Amino acid sequence: MLAIKLAYRNLVGAGLRTWLNVIVLAFVLFMIIWHYGILDGWNEQANRDMQAWEVGNGQYWQENYDPYDFFTLEDSHAEIPDVLQKATVEGIVTPILLTQASVYPDGRIQSMLLKGIKPDQKVIAIPSAELNIESEEIPAVIGKRMAKNCKLKVGDITTIRWRDINGTFDAAEVKIVNVFDCNVPSIDGGQMYIHINTLQKMMQAPNEATMFIIGEDYDMSEDISGWVYKEFDFLMTEMNEMMKMKKVGGSFMYFILMLLAMLAIFDTQVLSIFRRQKEIGTYIAMGMTRTQVVSLFTVEGAMHAILAVIFIGIVGTPLLIWLMSIGMTMPAGTDDMGIAIADTIYPVYGAGLIIGTSLLVFVITLIVSYLPARKISKMKPTDAIKGKIQ
Amino acid sequence: MEQNTLITIDNLVKRFPVGKGEFTALNGINLTINPGEFTGIVGPSGSGKTTLLNIIGSLDNATEGDAVVMGESTSNLSLKSAAKLRRKHLGFIFQTYNLLPVYTVYENVEFPLLLLNMSGAERKKAVMDALNWVGITDKVKSRPAQLSGGECQRVAIARAMVKKPVIVLADEPTANLDAANSHNILKMMLKLNEELKTTFIFATHDDKVIKYLKRKISLEDGKVVKDELTKVKGE
Ligand SMILES: Nc1ncnc2c1ncn2[C@@H]1O[C@H](COP(=O)(O)OP(=O)(O)OP(=O)(O)O)[C@@H](O)[C@H]1O
Ligand SMILES: [Mg+2]
């Protein structure tokens, strides 16, 4: 208690230098909390969007389906089993049929993934209803990335080519009936959605599907022969890994920032122990034990962190809340990273993040303060009193 | 050894390593100091006055011999016990004031009481009393840098005496004081010496102090050359 009281007096007495250190530390703390808040916010948003647009609450894959190997697509569809047929009717799942195809916008050839989806499905957010439109051409829906790449817009007509189940090439005209805007690149770039029945006919694979997406509000995980259940967490692995990498990448910068802040504190400590020898000698002459003096200097150093946390609490909290409300506009181009990313990311500051970061900064400051303070116990009090430089 | 001896110094030798050799700062000191003495160690610069005070205050160790202070042999005292002895019973006044620069006058004087865990109200009274003794009540909020040398010295004296220690070790306490202030402070110390039986040990070559001493121990080249009881001025 005494050490804290004295340390506080000393720090406040030391004035400007203390506040500079506190502000540097508070800045680092703030940046870390804000940055990880953004990453957490992003993670949450990406999870939400991916669940809504792509993965649902898990999926069933036809046993041969491998999303990383397009060449298996030919063999990775099968007749819809009764259980899944029933679940589809009940709106619990929705089937998707996949095949490889090419599109010829402006005479260029571009390969893509052609996806058959039910127009009346409510499981994922793809605006499939318009696939029901009566038209001479096949109604198709694409995402904004695909639209941009192929320079296609609503109302455009273009040719697609695909192979049927016998390997024979065939071609047809499609008409873009909707371009949707979504934050999940993995269901957008290089993909086109058409009515599943149309695709089944085109592939000569009646009543077949490649995968089923389970609705967000439903649970289904029973074994179905010929189909493999993929749980939500599995489907999110890649995304979570990527987020982890981002956090590690960010940590490096904060490690450097933190190092600078710690150097400032270390320097202050070394300097003050050097400069304040006379004071240290006086403390000892007045009957403080060496342990007490070492603790006093350690607490003094560590108190920078406490003051920084208080500073963040007073000045940073409104700022963090404000930043949370306006979010961070992501620069154009971040989209190409392949992670679901919204135009504006709203940071999320968890209690764990704030307490954990503060505690970490505190512990590191404590260590950095203790190391030089330890030197005090080696000082000769008679020399220290005179302020002799050793 | 007498029952009521406060300090017994027995064949004390202090050598400092200097370069490859050694320098003998104290060379076989024998002294006894009784409770309530108002003693001065006098002698020219470099004669070993400060060194002797430091050993009595267990801030430094004897090379040979021993100084027994309040029954504790300083040669065998653990660092912790030495700190306790200083905290409870000793008050230091340094040649160089050694005030804590970031503390106010009040906080400086309060400091030894904080170490004794004294309650707030008691502290306040004791601090104001001590500041009264040295006549510096008008500058309680100032910091040492804003004070003159003499004012600093008075604060240092107040700090040494605020806890009413058994022994006050005063190294040149009047070095920066004018005659009037020196006399006031010495009179006040003498009063405390008589009222509280506080033992004062000065290290000085200042005649203003020497005049007040009841006993004068003369040191030369680390040896006691004279030890005399003196007639105190005004008595
Ligand atoms: N740490 C040390 N290392 C080496 N020599 C020292 C040390 N401390 C003191 N001395 C020497 O011991 C001698 C006595 O020093 P001391 O400080 O006790 O003198 P003093 O009587 O207090 O002098 P002054 O009146 O100038 O304060 C001096 O010659 C000094 O050089
Ligand atoms: Mg001296």
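Which residues does I9(B) touch, not counting residues up to four places away in sequence? In this predicted model, the partners of I9(B) are I29(B), N30(B), L31(B), L52(B), I56(B), D66(B) and A67(B).

I9(B) also belongs to the largest nonpolar core, which has 118 residues. Within this core, I9(B) is one of the residues that touch the most other members. The largest share of the core comes from helix α2 of chain A, residues 16–55, with 19 residues. Two domains of chain A contribute: domain 1 (2–52 + 238–386) and domain 2 (58–219). The core therefore lies between them. A second core is separate and holds 40 residues. Its members include V105(B), V109(B), I136(B) and M189(B).

Chain B contains seven helices and 10 strands. Its radius of gyration is 17 Å. The globule rule gives 18 Å for 235 residues, a close value, so chain B is as compact as a globular protein of that length. Along the principal axes, its C-alpha atoms fill a box of roughly 50 × 40 × 40 Å.

Burial and contact range were computed for chain B as well. Of its 235 residues, 57% count as buried. Contacts between residues at least 6 apart in sequence were sorted by separation, and 68% of them join residues at least 24 apart. The accessible surface of chain B is about 10,300 Å². Carbon and sulfur atoms account for 48% of that surface.

Key. Residues are numbered from 1 along each chain as its sequence is written. Chains are lettered from A and ligands numbered from 1 in the order in which they are written. This is a predicted model: local features need pLDDT of at least 70, side-chain atom pairs count only at pLDDT 80 or more; totals for chains, interfaces and linings use all residues. Side-chain values use heavy atoms; hydrogens and water are left out. A nonpolar core is a set of buried Ala, Val, Leu, Ile, Met, Phe, Trp, Tyr and Cys residues joined through side-chain atoms within 4.5 Å. Buried means under 20% relative accessible area, exposed over 50%, partly exposed in between (1.4 Å probe, protein chains only). Helices (H or I, at least four residues) and strands (E, at least two) are DSSP runs, numbered from the N terminus. Domain bounds come from an automatic or database domain assignment. Contact means heavy atoms within 4.5 Å. The radius of gyration is taken over C-alpha atoms; the globule rule is 2.2 Å times the number of residues to the power 0.38. Accessible areas come from the Shrake-Rupley method with a 1.4 Å probe; for residues, only the protein chains shown count as cover.
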